[in-house]
Amino acid sequence: MTETSHDRLLIIDFGSQVTQLIARRLRELNVYCEIHPYQNVTGAFLKDFAPKAVIFSGGPDSVMREGSPRPPSEVYDLGVPILGICYGQQVMMHDLGGRVEAGEHATAEFGRAYVTPTDGSDPLLAGWFLEAREQVWMSHGDHVAEIAPGFEVLGTSPGAPFAMTADPARRFYAVQFHPEVHHTPNGKTLYENFVRMAGFEGDWTMAAYREEMVQKIRDQVGDAKVICALSGGVDSSVAAALIHEAIGENLTCVFVDHGLLRLDEGKEVVGMFRDHMNLSVIHAEEQELFLGELDGVSDPETKRKIIGRLFIDVFQKYADQIEGASFLAQGTLYPDVIESVSFSGGPSVTIKSHHNVGGLPEKMGLKLVEPLRELFKDEVRALGRELGLPDSFIGRHPFPGPGLAIRCPGEITREKLEILRKADAVYIDQIRKHGLYDEIWQAFVAILPVRTVGVMGDGRTYDYACALRAVTSVDGMTADYYPFTHEFLGETATRIINEVKGINRVTYDITSKPPGTIEWE
């Protein structure tokens with residue numbers, strides 16, 4: 001739980017895959033919110049958090065199953081507005097005296113649906129139903145069969161007679177659909193109405209965040225020295241700039257060149273921070289250490305763990321050389337924190353581990369400074385602009401901490417890395433030449449762990465295949481492939497094959513997230 005002077009909205013997470021999108025919609029409205037798994041939200045937690053409003057997320061469970069997720073009963077006595085979404089609606093109805101039934105084919109709804117109003121006068125619906133009906137996104141099997149006492153119906157759909165419900169006296173609202181997703185086009189308006197009714201002033205801005213965080217860093221660090229894990233990406237760079245504003249020369253950045261960077265990236269990053277930001281930067285050239293330990297390793301999770309462990313070892317090495325270094329700064333973001341926490345508190349599925357999340361081993365003797373861990377990616381960019389970083393830098397595509405290691409499926413070799421660097425440089429050059437760089441969230445090349453037969457000139461080749469990846473996204477939580485023209489793809493493939501020795505086949509990855517991830521590993 002984060003200390004803040006702003007009014008807070010609590011999102012109780014029941015395991016939905018799109019809970020983070022609820023937070024994104026609220027942040028867009030300049031409302032400070034936090035996501036907490038239901039099992040962590042107790043009566044004592046609610047008292048300490050003191051939310052001005054609460055949202056129940058969706059989830060995959062059934063309220064009729066014994067032991068299914070529930071909020072604490074105290075939440076209904078807070079006297080603040082509550083909005084239940086999908087499973088959140090069902091659990092609200094169940095807890096307050098309504099009835100939920102198991103889904104049948106006739107009552108289940110998955111995908112696009114249309115809601116029509118039964119009472120359009122409620123303030124939650126301001127700006128809704130300007131046409132006869134509203135498109136929404138449904139994803140439910142179970143359904144509410146009887147609403148709880150005090151509730152009334154605001155809208156219905158063919159598969160959900162209680163698609164929108166409200167208890168105006170208590171300011172309790174519940175909807176069966178997902179207003180946070182793109183496929184509910186007017187969903188943002190619903191959230192805007194809800195937070196307005198709750199009395200939020202929309203005062204959570206990047207200017208305010210900058211001012212508050214600078215003071216927090218000063219309070220946390222005092223006169224001690226901080227070393228910052230600088231990767232050259234937007235996250236760690238904004239973190240470094242913010243910390244530098246707070247403590248000045250007591251910050252030393254450590255840029256680890258692990259041999260997994262893009263072409264000429266090490267020189268560019270170190271030069272930029274030393275020359276343009278006047279930061280103290282140690283260029284830790286540790287290529288042999290990382291590549292040596294990764295030799296022969298093909299499992300992606302093992303790669304990440306090795307890289308994470310070596311990062312810590314390297315930071316320890318350079319921290320020992322800085323007298324008075326007591327803190328390590330990282331560019332950890334809020335999605336990293338959320339994705340790295342098991343929803344159930346048990347052996348639930350982990351999509352991937354984040355090398356910069358979870359704290360540091362006690363042996364390091366360093367405490368963490370993570371000034372961005374409350375922010376989503378686009379908020380970090382906004383903070384960077386607030387700090388005066390140039391747009392050309394703020395707009396750089398994300399680059400993962402493990403670097404090219406996760407764009408090289410299978411065993412990593414120096415030969416494959418060199419081929420990958422050159423192919424990636426050609427690809428990005430093509431994107432820039434065609435004026436597409438700023439339209440794309442992230443673009444890169446992955447070298448595949450297979451060799452394919454080709455013909456070049458009069459000779460037969462047996463070289464690597466590569467995959468081009470380019471996606472559009474707002475914050476990296478969901479993504480879709482970029483629709484390049486066939487002319488662009490053909491021209492790019494020709495350049496890569498002609499200019500990069502070792503590749504004779506180029507493919508384009510058109511997988512969205514989900515079901516895929518943006519990176520290949």
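In this predicted model, the largest nonpolar core takes in 97 residues. Those with the most contacts inside this core are Ile227, Val238, Phe273, Leu383, Tyr427, Ile431 and Phe484. Helix H6 supplies the largest share of the core, with 9 residues. The core also draws on two domains, taking at least three residues from each of domain 2 (206-395) and domain 3 (412-508). Apart from this core there is another one, made of 42 residues, and Leu154, Tyr173, Val175 and Tyr334 are among them.

Helix H6, which spans residues 234-247, leads on to a sheet. The helix lies across strands S12, S13, S15 (325-329) and S16, and runs at about 165° to S12. Those strands turn up again in an open sheet of 5 strands, ordered S14-S13-S12-S15-S16 and paired in parallel. At the edges sit S14 (280-285) and S16 (367-369), each of which pairs on one side only. On average, and with direction ignored, neighbouring strands of the sheet are turned by 30° against each other. Looking at one pairing in detail, strand S12 (residues 225-230) and strand S13 (residues 251-257) run parallel and are joined by 5 bridges. Here leucine 230 has phenylalanine 255 in S13 as its bridge partner.

Next come the aromatic rings. A search of the whole structure turns up 17 aromatic pairs. One of these brings together phenylalanine 14 and phenylalanine 56: the ring centres are 5.8 Å apart and the planes sit at 85°, so the pair counts as edge-to-face. This pair ties together distant parts of the chain, 42 residues apart, with phenylalanine 14 in the loop between strand S1 (8-13) and helix H1 (19-28) and phenylalanine 56 in strand S3 (residues 53-56). Both phenylalanine 14 and phenylalanine 56 are buried. Ring pairs also link Phe14 and Phe56 into a cluster with Tyr38, Tyr76, Tyr87 and Phe172.

A second example takes us back to the 97-residue core, where Tyr427 and Phe484 are among the residues with the most contacts. The rings of tyrosine 427 and phenylalanine 484 have centres 6.3 Å apart and planes at 70°, so this pair is edge-to-face. Distant parts of the chain are linked here as well: tyrosine 427 belongs to helix H13 (residues 414-433), while phenylalanine 484 lies in the loop between strand S19 (480-481) and helix H14 (486-499), 57 residues apart. With a relative accessible area of 0%, tyrosine 427 is buried. Phenylalanine 484 is buried too, at 10%. Leaving out residues up to four places away in sequence, tyrosine 427 touches Ala443, Phe444, Val445, Leu468, Arg469, Ala470, Phe484, Phe488, Thr492 and Tyr508.

Finally, there is threonine 478, found in the loop between strand S18 (459-472) and S19. Along the chain, threonine 478 and lysine 513 are 35 residues apart, yet their C-alpha atoms are separated by 5.1 Å. With residues up to four places away in sequence set aside, threonine 478 touches Thr472, Ser473, Lys513 and Pro514.

Terms used
Residues numbered from 1 in each chain as written. Predicted model: local features only at pLDDT ≥ 70, side-chain atom pairs only at ≥ 80, totals over all residues. Heavy atoms only, no water. Pairing = 2+ DSSP bridges. Helix = DSSP H or I, 4+ residues; strand = E, 2+ residues; numbered from the N terminus. Axes fitted to C-alpha atoms, helices over the stretch in contact; angles between N-to-C directions. Contact = heavy atoms within 4.5 Å. Core = buried A, V, L, I, M, F, W, Y, C linked by side-chain atoms within 4.5 Å. Buried < 20%, exposed > 50% of the residue type's maximum accessible area, 1.4 Å probe, protein only. Domains from an automatic or database assignment. Phe/Tyr/Trp six-rings, centres within 6.5 Å; stacked < 30°, edge-to-face > 60°.
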